[in-house]
Amino acid sequence: MQKNILLFGYGSFGKQLYKNLSKLGHNIKVVTSLEESENSIEDGIPITKINIKRNEDILSLGINEKSDMLYCSMNKTANNLFLVLTLRALFPKANIIAISNSFENTRKLEYAGANSVIDLYEATSRRIVNILTKPAVTRALDEIVYNQNDLKMAEILLPKNSPVDGKFVREIEFKAMGVILIAIIDKELGHELVFTDHRINHKLDCGDTLVVVAKDNDLEKFKRYIFE
Amino acid sequence: MKQTKHKLLSFAYTLEASRRYKSIKTFVYNLIENDSYPYKKYFDFFMIMVILTSVTLLVIDVKHHIPPWLDHLDLYLVTSVFITEYIARFWVYSDMHKIIIEEYEESFYFEQEVSVFRVFLKILKNKWGYISSFSAIIDLIAILPSYRGLRVLRILVLFRAFKMLRYTKSLTGFLFVLKNKKFELITLLSLSGFFIFIAGIMLYVFEGDNDNPNINNLFDAFYWALITISTVGYGDIAPITPEGRVVTMLIILTGIGLISFVTSIIVSSFSERLSVLREGRVIQDVGKKKNITVVCGYGLLGRLVCSGLVKEGVEFVVIDKDEHLAQQAYNNGYHSICADASQGDIFRELGINERISHVLCLTSDDIQNAFIAVNIKSLNEKVYVTARCSDDEIAQKMEFAHVDHVIMPEEIAGMMGAVYAGEPVAFEVLLSIIEEKGKTQIDEIQITKDSFLDNTKVGDIDFEKLKIIMLGVFRDTDSKNLGKFNFNPDNDFVLESGDNLVCIGYISAIANLKSRM
């Protein structure tokens, strides 16, 4: 699923976002404010410079609020907050993701209208603590989350007439397929995400979402099995 | 003569070779001098008790004469304790036999005769360092009251109270503060001494010749001058002539100035030294523990990490160069030290070779983090260093410097942002697992020998009943490295003791499983 992404800011956060997003093959347009540094030129990425204080500049980017994802990753928190505020005012329905560097700012960014806020230090500090106290968890997460191996976490939206349609979770041989099911959104139970450690025997229907962890090739096989 | 020399030398070598001698000496040293030795506090407590008893006896003796057996107890027991202590301190102050050996080897090298006299002189010079030290003098004076011939000596028992300073760290700190302002205090003291001298003589000249019945000699005049200049003013001796009153007015004015001066010097020196005293306390506290983690940098990330460490019950010390940040960490109830983590001193004081197991470099400056990391690794290669970094190139250099774990907050955020773009639900799962906000968490469980999971096939374990999802197993884990990660092991995979299971589950389900191990 390729997405159109607007990435605001190309500082240390923006750079990493660009790297990871482009790896997944999304369509990215990088936008920076006029005063931000020019390091993207070295990386050879086309870049649009605007004055974020002017509405015309932002409107001239041609944002489609239904399909575009807007990532706000300016280096200065004040700019980032202002940007989220502006974007939300201009595009009430847009999907805005912001990067925050503290619990305090997360609250402000959420209030300003970001759909999702990634707290830069929260995740990092958990990881550092885990290195000390839970080395095995750290390694496992490294392999699954931080893509250091062929392990991967993925979500699968069940299509119509898939082979698992109408079946119960217990009836499906996930293990034999090399797949671990860890969470599920069962539409019959609402839109809430449920971890499967409770072992509720969900009935799978079209429109449910499965979150699984598997090795790359097993995941491909599983996806083929579902979608055929 | 030659025989004595020979005997002396062989005795020195026997001591040098004797393990037993060394261990006894180390034990005694630890007991009386080493603040981080756990049993020293019992010794200190015992000594304080002995001193208090002897002072109490002195006080009781003033009005009610104490029975002779108590007096003897005081005389023999207390004195012998003090003398033993004095000799022990004298003994552990330095190694005499080493001086002998050194001297012998030196003269052997220069092909000279060993002179017993020179060796003796050298030892004396060395030990004189102990004898002439302030605390040793007090110790010696505290022994003197045992000599009952002179009544005045009894009052020296109070020096035993002074001795208590030695056994309480905070009181030593007070002396330390005064020592730091030695120059200022001495200047002021000699200045006031000068004023008292002049004023005393002047008053004596004006009123000493029978004008004032209270001033009979020079001592009275000096006494009056001190009482006046210190603004105490008993009034038992007062000037009666106009000249004497003029002198009084003058020294009262200088007295006020001097007193406030001294007060301000002591107060300011205390506020300057307060943090140092506190840090000394931190180092002392840490000295009693093992496996200490050092957090360098108390910025945004440092704060979050510290609160995480507290939750997990990890012992740690915060170091920050910035005084305010170090103070903040202290206010939050952590052990904190204001110091430069890129220098070796502070880590040596904390015991880098014995106590520190992990160091986290979390300042916001990459170069600084690399600097700290290299500093640690050069002091002790075995300490596990985790460094934060926001630049790929610097991260490579850190890995080159053998930093064990390089963490890039921006990379983590960038990675998560990318997951969100394609798979928002997986992102939510990730966030909840990584940030540990929800009740479902990821944790590790080590299989202990003969527990119900030891020697069990994965297929035979009822994970449904345990209410746990097993992601995988780490096998062949040794003390330093984790072994291979077996993701989603097959049903006939047999679990062994020592394996680390990585599981997702409800907090209580995981706690339950852990308690069964």
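First stop: select Ile319(B), which stands opposite Ile337(B) in strand S3(B). Strands are DSSP runs of E, at least two residues, and helices are runs of H or I, at least four residues, both numbered from the N terminus. Before going on, note that this is a predicted model, where local features need pLDDT of at least 70 and side-chain atom pairs count only at pLDDT 80 or more, while totals for chains, interfaces and linings use all residues. Residues are numbered from 1 along each chain as its sequence is written, and chains are lettered from A and ligands numbered from 1 in the order in which they are written.

Now color strand S2 (residues 316-320) of chain B: four bridges join S2 to S3(B), and the two run parallel. Two strands count as paired if DSSP finds at least two bridges between them.

Zoom out to the open sheet of chain B, where six strands line up in the order S3-S2-S1-S4-S5-S6 with parallel pairing. Strand S3 (335-338) and strand S6 (405-407) of chain B are at the edges with a single partner strand each, so one side of each has no neighbour in the sheet. From one strand to the next, the twist averages 20°.

Next, select helix H12 (residues 242-286) of chain B. H12 lies across strand S1 (292-296), S2 and S3 of chain B, at about 130° to S3(B). Axes here are lines fitted to C-alpha atoms (for helices, over the stretch in contact), and angles run from 0 to 180 degrees between N-to-C directions.

Which helix packs with H18(B) at an angle of about 140°? Select helix H19 (residues 424-434) of chain B; its axis and that of H18(B) are 6 Å apart. Show the side chains: Met416(B), Val419(B) and Tyr420(B) in H18(B) meet Pro424(B), Ala426(B), Phe427(B) and Leu430(B) in H19(B). Residues are in contact if their C-beta atoms, placed from the backbone, lie within 7 Å.

The contact between the chains takes 58 residues from chain B and 62 residues from chain A. On the chain B side, helix H18 (residues 409-422) gives the most, with 13 residues.

Last stop: Asn130(A), in helix H6 (residues 120-133) of chain A. Buried or exposed? Asn130(A) counts as buried, because 22 C-beta neighbours lie inside 10 Å; the cut-off for buried is 20 or more other C-beta atoms within 10 Å, with 12 or fewer for exposed and partly exposed in between.

Methods: Contact = placed C-beta atoms within 7 Å.
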